Amino acid sequence: MSRLRAPLVAALVMTALAVLLFDTFQRQMSGAWFAFALHPEALALLEQSMDDQKILAETRPEEEAAYRRHFEEIQTLLQRLRVLEHNRDALSRRYEAVLLGLFLSTITLTVGFLVLRQRRDERRLERLGLALGDLAAGQSDLVLGERGRDAIGRIARMVEETSRRMARDRRRLRSLENLSAWQEAARRHAHEMKTPLTGARLELERLQGLLRRCDEKGEPARQAVDGVRHELERLGRFTREFTSFARLPRPSLRSVDVDRLAADFVGTFEGAWPQLDLEHRPHGELPPVAADRDMLRQVLVNLCDNSAHALDGAGRDRGRVTLRSGVAGDQVWLEVADDGPGVATDLRPRLFEPYVTTRGIGEGMGLGLSICRKILLDHGGDLELRPAGDEGAVFRLTLPILTTETTTETGAAPATLR
Amino acid sequence: MTLIALVSTLLAPAAFADPPAPRVVRQDGALRVELPPPVLGDEEIKGQLSSGLTTTFVFRLTGRTTSGAALQGAARVEVRYEPWDEVYFLQALGRDGRETKQTLDSKAALAEAWRSLELVATATGAEPAAGRWRVDLDVIPFSRGEQRDTQRWFSESMDSDAGAEQTARASEDRSQALEEVFNLLLATSIGRRAILSYSWQVEVMSR
């Protein structure tokens, strides 16, 4: 209440001054109008006019009726004015009271409204202060529910947007940390496996050389050697997968039009998967993003691979993959949606973790989606599985919008992220 | 003190001096009022009578019945001057409901009619007691009909849309409603105040 005292006192003083000035002014005005309307000269003239009508009627008796009518009209007017004259003070007082009442009501309502708004703004600022404290303490995803269009409302929405970005950045950071840990593990595995693999391969080649100098009796041994070589090659592929995950390069960022990237992908890879129809639905007005075209293409290839594999697993010989794009806040998104069997519910929470796969043993390490997500995280964006119905899976790639100081994707120097 | 009284007497206008009290008699179980002639001679009343408005003289009597209960009586006389025909219309109404109407062609005739009027001021059935009664006379400068006519005319004159084409816009309807409220508030301040009031303590005799 003490915070309202000063504005209340100011409002009361201003109101009192305004009322005093108004009362003085309108009292003068109303008095002047009444004096004007009931001027004695005007009343005297009306009486004179009545007498004139009588005189005219006497001089021209044939028109007495008309003169009498005029006489009675003037008489009626004069009588009404006399009644007003009799009530002049009462009329003035009532007039002044009504105007003063209206004026006071207006002032009171205005002051009341301002006081109420002041108190409401105080409460809003208090809530905003608490929210800023929560934000400083590291809380994210704050919802203030402010709908006002004034400064406080705009600040509240800025606080909400900041907390959303903080939440998103924290999630990205956690994912990056997790993936970095997995990358380190993969690097160690690859390193540990490479040395004995190399040794085993050398020994195998030496053994092959020995067997070639033998006659036909060494045939079973040659077959066994071929079998071992085949397994070693498979182990080598796995090792290379570990390595590609562990040594994922940093993206080389340039200004990219996501719609054009998607259109080029569909044009280039149409027919690459015989069971897939690729379709592109461009947004048309996408702002540019900073991205590595080759790495993004790698992501799209991986997602289409997964869609084709899912269709095969569901026993379907035909499916569709649709690429759609749009803008959300300060990010551009590209969705890759298929009409396959979708992702199992129990798999969804772990889908982007390394070594999570639906494929059989020996058919893949389950690193594809982890690599794709790492690529998007390295771009400052993200990859997520969107909620979908029973039909199909929808993956959304998000990339931050580029600042205005950039060149087109046919140009030049790497653009800078926002 | 004597000097003050002398100066007051010299400076006081004649109208401040009350006219003599009307004569009130008790007859046939009712009070009858004889109108005081000097009332018509008052300058302000003379001027009012010639205005053409209906000057109303309202008599109120306050006293007691023979059984000691409070009793009030009333009577009314209206005088209107018609300036074209130069005649006076007199209408007197007593508490017994009897109405007297006269058309008088001069001030003298009016004065004579006034003097001869005797109004019944109490209803039959109530037995007024003899003794001291209070008699009040209010002179009202116009009739209730003339008041209502002026209120209506005033309201119509204040109405800015009178005769203008009405529009269908809601904002103009709202302002017109406010204007009508404003006009009504002003028009209802036109009242009927007495321009003169007299009060006497009268000794009521039986006739």
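Analyst: Start with a term: a residue is buried under 20% relative accessible area, exposed over 50% and partly exposed in between (1.4 Å probe, protein chains only). This is a predicted model, with local features needing pLDDT of at least 70, side-chain atom pairs counting only at pLDDT 80 or more, and totals for chains, interfaces and linings using all residues. Residues count from 1 along each chain as written, chains are lettered from A and ligands numbered from 1 in written order, and side-chain values use heavy atoms, without hydrogens and water.

User: In what order do the 5 strands of the open sheet in chain A lie?

Analyst: Strands (E, at least two residues) and helices (H or I, at least four) are DSSP runs numbered from the N terminus. Two strands pair if DSSP finds at least two bridges between them. The pairing in this sheet is mixed. Its edge strands, S2 (276-281) and S6 (382-386) of chain A, each pair on one side only. The order is S2-S4-S5-S7-S6.

User: How many bridges join strand S5 to strand S7 of chain A?

Analyst: S5 covers residues 331-338 of chain A and S7 covers 394-400. A:Val336 stands opposite A:Phe395 in S7(A), and A:Gln331 has A:Pro400 as its bridge partner there. The two strands run antiparallel, and the number of bridges is 7.

User: Which residue of S7(A) is the bridge partner of A:Leu383?

Analyst: Look at S6(A) and S7(A), which run antiparallel. They are joined by 5 bridges. In S7(A), the partner of A:Leu383 is A:Leu397.

User: Why is S7(A) described as largely enclosed by the rest of the structure?

Analyst: Check both faces of S7(A). On one side, A:Val394, A:Arg396, A:Thr398 and A:Pro400 are buried. On the other, A:Phe395, A:Leu397 and A:Leu399 are buried too, so both faces are covered. S7(A) is called largely enclosed because its buried residues number 7 of the 7.

User: Is A:Arg80 buried or exposed?

Analyst: A:Arg80 is found in helix H3 (residues 64-86) of chain A. Its relative accessibility is 16%. A:Arg80 therefore counts as buried.

User: Which residues is A:Arg80 in contact with, leaving aside its neighbours within four places in sequence?

Analyst: Contact means heavy atoms within 4.5 Å. With those sequence neighbours set aside, the partners of A:Arg80 are B:Asp149, B:Thr150, B:Arg152 and B:Trp153.
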